[in-house]
Amino acid sequence: MAAKKSGENLEEIKKRFNKAEVDAKVRSIMPFTDQWHNRFHVDAPYSLISDPNGLAYCDGVYHIFCQWNPTPINQNWHKNKSWMHTATRDFVNYSFPELSLWPSDEYDKDGCHSGCGFVEDGKLRVFYTCNSRDENYVRSVVQRFGTMQEDGSVTKEEIILRGNPEGYTAHFRDPNFFYRNGVRYFAMAAQRMSDMSKSSRPTNGAVLIYKETDEKNKFDFLGEVKTDYYDFGYMWECPNLLQFGDMDVLIVCPQGVHHEELKYQNHCLAGYFIGHFSVDSLDMIHGKFHELDKGFDFYSPQVFANEARHILVGWIGMPDLTDTVESAKDGWLYTLTMPRELILHEGKLRYRPVEEMKALRRDAQNIDVANTEKTSIQLTAESESDLNITFGAARKVTAAVKFGDEQFVFSYDRDTQTMFLDRNGMKLGGKGIRPFSDGKNTDVNIGTRKFKLFANLELNFRLFVDHSAIELFLQNGEEVCSLLIYPEQKGIAPTLEISGDKPIDQINGKVYALASLNWK
């Protein structure tokens, strides 16, 4: 087979990027008014938005970068990967999104891939993966520093790491800093060339660790984080290593994990291990792998690491499934999650939207319904429903978010302690692609999810509905589910219909209309 050619030289690539023109185009589009653009989520103004990057807190400001492609070619959404930047003090008022980092030299001509942000000497800096390919399409990677300037652009600076270690492929990216005992380390997403006596596949996902030497910004390779999951997907992306008191949490995004009936049901996963990590032995003594989100569309999260609280921002999207995204025909794809605070509770993470977002609440509607088999609540196009259901005699309770004759449904079965999600009632967009786990590698369109959730006498939830994004927080944030929806009918305000197989004892709480984010 002939080698695939890159087809473009550096000068051709550089001509595509003009920060002033891109930023002006963004401002001309905002605020959003079209059918599916979200109002209280950070969206791509146009083209593809993906991995949150460079989350950093500096002088009272939260800086959020993310992957963006401002110059797609023939709907090749992942070509020309760049970084978009926005900033906020309160997660309500944001600066206009802007082009901040883009391909411009021989190291990153085929993409500025993911990385982290940090503060050094009073300056906001980034650390990211440069991706380039030769004339035969062979990938090479380097890891590089940059510093943000007053105009919002990132000046590219020294290269910290060239190539990938022996025994690992060039799928080597997503550097992320962490600190131990005052020393700076970084974790890297990697793909190990596997020992086939221990693995069912030629490559496996791994996380590698580097340690800063006595010379500032010089790092030594220590090795691989040792876990009990040697054969768990062919690549682990987007590592974050966090501390909660004396406990360590390792977040990773495994690709290629076999799907099971009650877990691992997405095309790619995002989850975490909890335990104790040693920077000396590189052992991670941990429990089982937990998924961060049980919805259809969640991937590549990153966490603000320089705050007393841990704030996660994720991507409501899924790699390799752009052909299922309805908004692509309008020239844009995907969104970011609302910022979520992570809390370690009884050996698991719990999640809640950051407290600051309550400032978006408007027009509270009190809900207090007793002894009912069905009730309907009118929502607005952007809403939050904070409700508690006391089951009473009901064994199965169903909540349907209805858009005319379309609906997204979540339901709970007390007899099996199982939560079900179903978006087969939506006409447009993907339902949920999952390969069978029987080795046939057959893809099917399945619009359901189910997972175990304990709810004895009551079920509580916070349901956030935006124009094309839903986030559902269950049982005080024990689980959260993120997904995309594309209601066919324009301008329709949804209703929330709650029903039981037998009378529900009580439904109470509040429903709010939500204001849009304020872009300045």
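Visitor: In what order do the four strands of the open sheet come?
Guide: In this predicted model, the four strands of the open sheet follow the order β10-β11-β12-β13, and their pairing is antiparallel.

Visitor: Which ones are the edge strands?
Guide: The edge strands are β10 and β13, the latter covering residues 219-224. Each of these two pairs on one side only.

Visitor: What is the average twist from one strand to the next?
Guide: The twist averages 30° from one strand to the next.

Visitor: What holds the strands of a sheet together in general?
Guide: Strands of a sheet pair through backbone hydrogen bonds, in either a parallel or an antiparallel manner.

Visitor: Back to β10, then. How many bridges join it to β11?
Guide: Six bridges join β10 to β11, which spans residues 183-193, and the two strands run antiparallel. As one example, N176 has A187 of β11 as its bridge partner.

Visitor: A change of topic: what volume does the largest pocket have?
Guide: The volume of the largest pocket is about 940 Å³. The pocket is lined by 35 residues, and those closest to its centre are H78, K81, H113, R133 and R139.

Visitor: Which strands supply at least two residues each to that lining?
Guide: Strand β10 (173-180) is one of them, as are β1 (47-58), β6 (112-120), β7 (123-133) and β14 (235-244).

Visitor: And how do the lining residues divide by type?
Guide: The lining of the largest pocket divides into seven nonpolar, 15 polar and 13 charged residues.

Visitor: What about cavities of 30 Å³ or more, how many are there?
Guide: The structure holds seven cavities of that size. The largest cavity has a volume of about 160 Å³. It is lined by 18 residues, of which D297, L321, T324, R423 and G430 lie closest to its centre.

Visitor: How does the lining of the largest cavity divide?
Guide: There are eight nonpolar, six polar and four charged residues in the lining of the largest cavity.

Visitor: One more topic. How many disulfides does the count come to?
Guide: The count comes to zero disulfides, where a disulfide requires two cysteine sulfur atoms within 2.5 Å.

Visitor: Is C116 buried or exposed?
Guide: C116 is buried, with a relative accessible area of 3%. C112 is also buried, and its relative accessible area is 0%.

Technical notes: Residues are numbered from 1 along each chain as its sequence is written. This is a predicted model: local features need pLDDT of at least 70, side-chain atom pairs count only at pLDDT 80 or more; totals for chains, interfaces and linings use all residues. Side-chain values use heavy atoms; hydrogens and water are left out. On a 1 Å grid over the protein atoms alone, a cavity is a set of points where a 1.4 Å probe fits but cannot get out, and a pocket is an open set with protein on both sides within 12 Å along at least five of seven lines; lining residues have an atom within 4 Å of a point. Grid points are joined across faces, edges and corners, and a volume is the space filled by probe spheres set on the points. Ala, Val, Leu, Ile, Met, Phe, Trp, Tyr, Cys and Pro count as nonpolar, Asp, Glu, Lys and Arg as charged, and the others, Gly among them, as polar. Two strands pair if DSSP finds at least two bridges between them. Axes are lines fitted to C-alpha atoms, for helices over the stretch in contact, and angles run from 0 to 180 degrees between N-to-C directions. Buried means under 20% relative accessible area, exposed over 50%, partly exposed in between (1.4 Å probe, protein chains only).
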